[in-house]
Amino acid sequence: MNTSLNRPDSVDLLVIGGGVNGVGIARDAVGRGFSVMLVERGDIAEATSSSSSKLIHGGIRYLETYEFRLVREALAEREVMLSIAPHIVWPMRFVLPHRPEMRPRWMIRAGLFLYDHLASRKSLPGSEALDLDRLPQGEPLRQPQFARGFAYSDCWVEDSRLVLLNARDAANRGATILPRTEFLRAERGAEAWTATIRGPDGQERAVRARAIANAAGPWVMGAQNATGTALEGRVRLVRGSHIVVPALYRGDQAYILQNDDRRVVFVIPYEQDYSLIGTTDVPHDPAQGKPHCTPEEAAYLCEAVSRQFRNPVSPSQIAWTYSGVRPLHDDGSDNPSSVTRDYTLAMDTKGAPLLSVLGGKITTYRRLAEDAARQIGRALGRQGTDWTARAVLPGGDFGGMSRAAFTESMASAHPWLERPLLDRLIRTHGSELERVIDGATSIEAMGGDLGGGITARELEWMRAREWVVAPEDVLWRRTKRGLHMSHEAREAFAARFERVAA
Ligand SMILES: Cc1cc2nc3c(=O)[nH]c(=O)nc-3n(C[C@H](O)[C@H](O)[C@H](O)COP(=O)(O)OP(=O)(O)OC[C@H]3O[C@@H](n4cnc5c(N)ncnc54)[C@H](O)[C@@H]3O)c2cc1C
């Protein structure tokens, strides 16, 4: 792994930001043969890219704003992501209870027809109408109000691991990935930028880069200003919050609820024991600091679900909340929910090239990165070929087996791994599971449980390959085990973490 100890002074491309777009660009560019350095001032995926609704989706609601290009591209990406990262991306069925007063039946049917046919589907089943008063999917819903509905397919993604795996793959291919390293400023020359970065030791150093990609997400404008250039176009910061409550129903299906304000709210099975409810769309003032879910947002989400679910949800049930800020490309829309989720790449070649990312979705990060790497390649006189649609991410190679068949083969090879732990390890490490356990035949041989089912050996793996330096990196981003632990258990994990690190 290319770490700060052997970082180069001169690269083709410096990427600012270790969210999904930054790591996607770094991975694509290094695979085209460019030398690449990525700086992230916090942990990998610390900001927006670990705070999403975690859906790889076409975005059925974007059909209402006629964003057909975005929907088509996003729909097609579902199949690509299922094939390159089957351990962290899986199909999910969405139930849409019908509310005739919100959208008529013909309109929903037409939307779902488009959703089924705008892009090719290989593995995902098409949409269907449901008699919710007779089917198990109707059980959590109020009856008889929600007797009819529809179902369609999209996908789930472990968002922070998607970012991490792109960063790992980029590093495996030779990119230098520097978490906890801040981009401070850059001066432009005709041939190259001279950038100043500050590492975790507080030391500043200069890096020469033939091009810069600014993928600083909600901070894209700040990073732009630090290059002494102006960005055409504006970013609209829109906060989205989620709440997590004990599971509201059994079953793998998610619900997409049409709320009274015409927005949609998702209820998604989460981390086995929970339901994830989101999201909100609230203008965000960066002066408020780190985004958090306000009591008003929590109440809004509880009310949205309680109107349609048999058992009401109250804020007292909330186990965890998280919030992120969408860095949306400002299209002048009055309503935060209607601002386009499409992305724009702003390329400035008045001197050494600077490409800035505005907007985007996790779903389309790979296409965005491909587009960005092509443009940077053109500006640097060497374009390279597109390659990421077929290149599996680390842990995603099940040797031609389905996920279920791979899980069964691991269960018979390692009967000492209890099923919930085995499932969690496959969702985390995929086909690298056997490298993580490294011949162990018991939890004790894995160094014992440090808390939340994380063993010393798994922690060592994460430290060596996943840039883990703090307990939160493990509990909330490389895994979500923090959610399953009490405050005391998390404190105990942190103490053991420090001891293992010492
Ligand atoms: C509530 C919510 C729900 C969403 N749900 C979905 C969904 O279900 N599906 C989907 O496809 N998309 C979803 N999105 C959109 C998606 O999450 C974002 O588009 C995407 O994560 C943006 O990634 P990014 O890399 O541009 O930004 P970020 O992930 O924010 O990354 C930018 C990084 O740059 C770093 N940085 C900033 N300044 C500097 C600097 N000076 N030096 C070094 N590093 C710096 C930051 O620390 C940050 O980590 C959702 C977004 C939100 C907020």
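## A look at helix H8 and its surroundings

In helix H8, which covers residues 403-413, the buried residues are Phe406, Thr407, Met410 and Ala411. Keep in mind that this is a predicted model. Looking down the axis of H8, you'd find those buried residues within an arc of 140 degrees, so they line one face of the helix.

H9 has another partner to look at. This helix spans residues 419-429, and its axis comes within 13 Å of the axis of helix H11 (residues 456-465). The two axes cross at roughly 5 degrees. That is under 35 degrees, so H9 and H11 count as roughly parallel to each other. Here's who makes the contact between them:

| Helix | Residues in the contact |
|---|---|
| H9 | Arg424, Leu425, Thr428 and His429 |
| H11 | Glu458, Trp461 and Met462 |

Now let's zoom out to the whole chain. It is divided into domain 1 (4-48 + 160-233 + 340-380), domain 2 (88-155 + 236-331) and domain 3 (403-501). How far apart do the C-alpha centres of domain 1 and domain 3 lie? They are 30 Å apart. These two domains also touch: 13 residues from domain 1 and 15 residues from domain 3 take part in the contact.

Conventions:
Residues are numbered from 1 along each chain as its sequence is written. This is a predicted model: local features need pLDDT of at least 70, side-chain atom pairs count only at pLDDT 80 or more; totals for chains, interfaces and linings use all residues. Side-chain values use heavy atoms; hydrogens and water are left out. Axes are lines fitted to C-alpha atoms, for helices over the stretch in contact, and angles run from 0 to 180 degrees between N-to-C directions. Helices (H or I, at least four residues) and strands (E, at least two) are DSSP runs, numbered from the N terminus. Angles under 35 degrees count as roughly parallel, over 145 as roughly antiparallel, 65 to 115 as roughly perpendicular and the rest as oblique. Contact means heavy atoms within 4.5 Å. Buried means under 20% relative accessible area, exposed over 50%, partly exposed in between (1.4 Å probe, protein chains only). The arc is that of the directions from the helix axis to the C-beta atoms. Domain bounds come from an automatic or database domain assignment.
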